[in-house]
Amino acid sequence: MHAVYIVKRFGVFLLIVWIAATLNFFLPRLSGEDPVRTKLLEEASLGGYVHAGIDNMVREYQQRFGLDKPLWRQYLTYLGQISHGDLNYSIANYPRTVVGMITEALPWTIGLLGVTTLFSFAAGTILGALLAWPRAPYWMRWLMPPLWALHAIPFFLLGLVLSWLLAFKLQWLPIFGGYSAGATPALSWGFVFDVLRHAVLPALSIVLVSVGGWALAMRGMMITTMGEDYITFAEAKGLHSATIFTRYCIRNAILPQTTGLALALGQILSGAVLVEAIFGYPGIGALLFQAIEENDFFLIQGIVFTVIVALGFATFVLDVIYPWLDPRISYSQS
Amino acid sequence: MSASVLRVERLRVAYDHPLGAVCAVDDVSFSLRPRERFGLVGESGSGKSTMALAILRLIKPPGHIEAGAVWFEDTALFSLTDEAMRGLRLASIAMVPQGSMNALNPVLRIREQIRDALADHRERLSRREFAARVCELLTQVGLPGEVADKYPHELSGGMKQRACIAIAIALRPKVIIADEPTSALDVVVQQQVMETLGHVQAELGAALILIGHDMGLMAQFVDRLGIMYAGRLVEAAPIGEIISAPRHPYTRMLIDSLPSLERKTGLRGIPGLAPLMRDLRSGCAFHPRCRVAEAGCRTRKPAMRDIADDISVACHRA
Ligand SMILES: Nc1ncnc2c1ncn2[C@@H]1O[C@H](COP(=O)(O)OP(=O)(O)OP(=O)(O)O)[C@@H](O)[C@H]1O
Ligand SMILES: [Mg+2]
């Protein structure tokens, strides 16, 4: 029964991927513009002269990218390529492949945003649960106003303020980039430390802003949960307050939080643009930014596609996990 | 020393409110004999659930216990440490809370909810002993053993109620408080659940406080009945006495409002509304609705007094 459910959900995931791929293929072509031609013309005009043989060049490129075939053939080739994990070449950085560029950028984004999202979720959820718990230490009440205030500040503003303070004024941390300009990426302690030092500033601003959101949501859910009849009964059963706190309150209050977490993880890639732009971080957001600036059509497509797949995958994982977290949602339904 | 398992003495519980505190339980005293079935009826908001929670010291802010004492056998509950009080819950005094449709944790199987209760009361059982215990408890309340592995949402209302009773009797308490255990069930299931409750109560030799609204059900089920009005206990007497010779005017009107087979003149209600607990005036809380009220009822609060053996009433005119 579980297997059937999981297969079905995976089918839905594949369907989403297919729809995304199809939209990704047709939408740009509806515009009638020829990306290769535009790109080449642009480069040519930048170079100061218009190449006489530009049409020949366009044709050559189109042949290489398969853009001279009929649309349906292009579509089939495209689907075939995608199913092999091939997202074509980058126009601006030929002969680099889009997949290659994305896989190079992805670890940075996942490392920074994935870790900070998970950390904010864990810290915020625990904090929120404690903030709602009457037996929690009293000083915790003082945490609430600053958390609220931080949550209300736009993330980029806090990022700029922190950069100014910690990197510019105090010069404790590097202001820009994923690692020092001179460093060569390698698996050495020195490089890892360098990377971590560069990650502190963006990570700090993300965590400071988002912890409050998680804490607030969790606190609200905890308060609702604590008013439930099953909590009264749990108390009347004479359970330890630790048991009530964890197995009866948190266990129920955390359910909507997990939905939030899955969505937040899925949105990491799309949320990366602003973060990475501010801190000059070499992740997928910066890559997208660069692709848009360079008019790199295939790269934009590839990133958008990756984002959709990530969201779809997050939803799929949530669908699989949720019935296990909440037995009221059964594997057999729908 | 005591002939009673549970004694409530001049208990007063108030809920703080910006417009003034609400005294939800006001100067209530009664006692519960071993094996006795004591019923507690009263209009919605008359403080029945508050009293049940106060007995277990489970009143939460903005509510607080203002005065009084509760004795379980020879133990004064209000002077116990929190930990000692916790240990007493379920083991000595068990409660099935109102709204038991939601009294079970939706994400835990029935078995785990029983296990939690035993574990936190230091009942160390082997896996096999535990399985046998769960099975025995479920059988006692008329549920098949498979229910142990079900989640609450997989059970019907009556089954949930039985599961709650099974948990409540898990440690063989001496007192069971059942707060409207059947109000969400249809009449047939209601009857069955009451039979089960009576059956396990007799088997354990526990005393029972049954909270409810249904005079008919009480008449069948309890030995003694207490009537609450606006936070006060206004009459307490053996059920036969209450039915045949109610002393308090409110009780009389409650009895009169019962539908009967002989009298087909339609239903008779009690005129007026239950008072807003916040602005209770001086005197007897019932006097605005009372047919026999006199001048003194408006100014003097009637105290509970014994007017015959085992019959007490709080009315100047009784
Ligand atoms: N948490 C609370 N905060 C404030 N007031 C409360 C609270 N709980 C109960 N009250 C008040 O206490 C009074 C008694 O409530 P209680 O729930 O004990 O009544 P009840 O007799 O059990 O009613 P019902 O038959 O509807 O269950 C009511 O006036 C109610 O408004
Ligand atoms: Mg009640």
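1. The shell around ligand 1 is made up of four nonpolar, eight polar and three charged residues. In that count Ala, Val, Leu, Ile, Met, Phe, Trp, Tyr, Cys and Pro are nonpolar, Asp, Glu, Lys and Arg are charged, and the others, Gly among them, are polar. Of the 15 residues around the ligand, Ser44(B), Lys48(B), Ser49(B), Thr50(B) and Gln98(B) come nearest; a residue is near if one of its heavy atoms lies within 4 Å of the molecule. Helix H1 (residues 48-55) of chain B gives the most to this shell, with three residues. Helices here are DSSP runs (H or I, at least four residues) and strands likewise (E, at least two), numbered from the N terminus.

2. A word on the basis of these values: this is a predicted model, in which local features need pLDDT of at least 70 and side-chain atom pairs count only at pLDDT 80 or more, while totals for chains, interfaces and linings use all residues. Residues are numbered from 1 along each chain as its sequence is written, chains are lettered from A and ligands numbered from 1 in the order in which they are written, and side-chain values use heavy atoms, with hydrogens and water left out.

3. A ligand oxygen lies 3.0 Å from a side-chain N or O atom of His213(B). For Glu180(B), a polar side-chain atom is 3.1 Å from a ligand oxygen, and for Ser46(B) a polar backbone atom is 3.3 Å from one. On its own, ligand 1 has 640 Å² of accessible area, and the protein covers 67% of that (Shrake-Rupley method, 1.4 Å probe; for residues, only the protein chains shown count as cover).

4. Please have a look at His121(B), in the loop between helix H3 (110-119) and helix H4 (127-140) of chain B. His121(B) counts as buried, at 13% relative accessibility; buried means under 20% relative accessible area, exposed over 50%, and partly exposed in between (1.4 Å probe, protein chains only). A polar atom of the His121(B) side chain lies 3.0 Å from the backbone oxygen of Ala117(B).

5. Over all chains there are 23 salt bridges, each a side-chain nitrogen of Lys or Arg within 4 Å of a carboxyl oxygen of Asp or Glu. In one of them, Asp319(A) pairs with Arg9(A), with the closest N and O atoms 3.0 Å apart. Asp319(A) sits in helix H13 (residues 297-325) of chain A and Arg9(A) in helix H1 (residues 2-30) of chain A, so the pair ties together parts that are 310 residues apart in sequence.

6. What does Asp26(B) meet in a salt bridge? The partner is Lys301(B), at 3.5 Å, N to O. Asp26(B) belongs to strand S2 (residues 22-32) of chain B and Lys301(B) to the loop between helix H10 (295-299) and strand S11 (305-308) of chain B, so this pair ties together parts 275 residues apart in sequence. Asp26(B) is buried at 5% relative accessibility, whereas Lys301(B) is partly exposed at 45%.

7. Finally, the surface of chain A: Trp164(A), Leu165(A), Phe168(A), Leu170(A), Trp172(A), Ile175(A) and Phe176(A) make a nonpolar patch of about 780 Å². Patches consist of residues with over 30% relative accessible area and no salt bridge, like charges being joined within 9 Å and nonpolar side chains (Val, Leu, Ile, Met, Phe, Trp, Tyr) within 5 Å. Phe168(A) lies in helix H7 (residues 155-169) of chain A and is exposed, with a relative accessible area of 52%.

Methods: A polar contact is a pair of N or O atoms within 3.5 Å; within protein, one must be able to donate a hydrogen and the other to accept it, and residues adjacent in sequence count only if both atoms are side-chain atoms.
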